[in-house]
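I opened a new model today. I want notes on its fold and its aromatic contacts.

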Amino acid sequence: MLVSAKEMLTKAREGKYAVGQFNINNLEWTKAILLTAQELSSPVILGVSEGAGKYMGGYKTVVGMVNGLLEELNITVPVALHLDHGSYEGAKKCILAGFSSIMFDGSHYPIEENVQKTTELVNACNILGLSLEAEVGSIGGEEDGVVGMGECADPAECKMIADLGVTMLAAGIGNIHGKYPANWPGLSFETLAAVKEKVGDMPLVLHGGTGIPADMIKKAISLGVAKINVNTECQLAFAEATRKYIEAGKDQQGKGFDPRKLLAPGFEAIRATVKEKMELFGSVGKA
């Protein structure tokens with residue numbers, strides 16, 4: 001069954017490793033991530049953007065698919081189903097649909113409004129036993145229509161949001177969604193350390209995990225990051241593997257592609273990417 005991300009992130013923070021959040025877009029992605037997590041005995045968070053939720057037929061459809069896979073695949077590792085960069089309305093819909101974890105991205109609101117809306121969602125999530133992620137400081141780049149300039153978070157504002165009782169906090173530290181440009185200056189560990197000092201033991205979240213060098217990942221974990229999001233890297237691996245399969249001309253003597261065979265290389269590419277990230281994050285064997 002689905003669980004809140006709270007316990008797995010508390011253990012990760014204490015154990016100095018991070019739990020991976022891997023965004024899902026269809027059944028193949030979800031199955032690949034779950035099987036890999038089970039194989040590696042790693043806790044895992046399945047991220048769903050509002051756009052992906054709509055694409056897959058709605059939030060209740062996503063919940064039904066994930067719960068069905070957990071049962072049919074005999075998944076026993078902790079799994080959280082998490083709304084990624086959710087709006088206020090989207091967060092409420094996912095709570096009703098049966099998600100076990102919610103991210104409310106109020107970073108684009110004035111801090112007072114962010115506090116008000118986050119407080120309302122904290123109260124709802126506490127009653128239902130769900131975990132809640134909040135964001136301070138915009139994450140750079142674009143993901144599923146959500147655009148951020150990559151501002152570093154104000155540690156004082158981070159404390160203000162953390163004190164509301166959220167489970168985890170995403171603080172902008174120069175990280176961006178998508179591929180990192182060649183002139184990217186790197187993560188601001190000065191900001192991360194200042195945020196950590198303000199919020200204490202609260203698990204911190206690093207968005208934009210694709211392409212961040214391994215040494216920066218490990219340093220971020222040492223400074224309190226307990227959840228790292230990965231999306232673009234899975235997209236790129238899936239697309240490249242599928243492209244190679246099509247270009248190889250394996251079209252069954254002109255009969256057209258069997259969609260199960262067409263998606264198989266991408267499925268394996270997702271598994272390989274997730275395995276690599278779980279090993280880097282240190283979550284293998286921590287279920």
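These entries cover the barrel, then the rings, then the charges over rings.

I am working from a predicted model. I traced the strand order first. Eight strands close into a barrel, in the order β1-β2-β3-β4-β5-β8-β9-β10, with parallel pairing. From one strand to the next, the twist averages 25°. Strand β1 (residues 19-23) and strand β10 (residues 225-230) run parallel and are joined by four bridges. Opposite Gln21 I find Asn229 of β10.

**Helix α2.** I looked up what this helix covers. Helix α2 (residues 27-40) lies across β1, β2 and β3, and runs at about 165° to β2.

**Aromatic pairs.** I count four aromatic pairs. One of them is Tyr59 with Phe99, edge-to-face, at 5.7 Å centre to centre and 90° between the planes. Tyr59 is in helix α4 and Phe99 in the loop between α5 and β4, so this pair ties together parts 40 residues apart in sequence. Both Tyr59 and Phe99 are buried.

Next I took Tyr88 and Phe104. This pair is edge-to-face, with 6.2 Å centre to centre and 70° between the planes. Tyr88 belongs to helix α5 and Phe104 to strand β4, so the contact links parts 16 residues apart in sequence. Tyr88 counts as buried because its relative accessibility is 15%, under the 20% cut-off. Phe104 is buried at 1%.

**Charges over rings.** I noted two lysines here. The charged end of Lys219 sits over the ring of Phe189, 4.6 Å from its centre. Lys286 lies over the face of Tyr17, 5.0 Å from the ring centre.

How values were computed:
Residues numbered from 1 in each chain as written. Predicted model: local features only at pLDDT ≥ 70, side-chain atom pairs only at ≥ 80, totals over all residues. Heavy atoms only, no water. Pairing = 2+ DSSP bridges. Helix = DSSP H or I, 4+ residues; strand = E, 2+ residues; numbered from the N terminus. Axes fitted to C-alpha atoms, helices over the stretch in contact; angles between N-to-C directions. Contact = heavy atoms within 4.5 Å. Phe/Tyr/Trp six-rings, centres within 6.5 Å; stacked < 30°, edge-to-face > 60°. Buried < 20%, exposed > 50% of the residue type's maximum accessible area, 1.4 Å probe, protein only. Lys NZ or Arg CZ within 6 Å of the ring centre and 35° of its normal.
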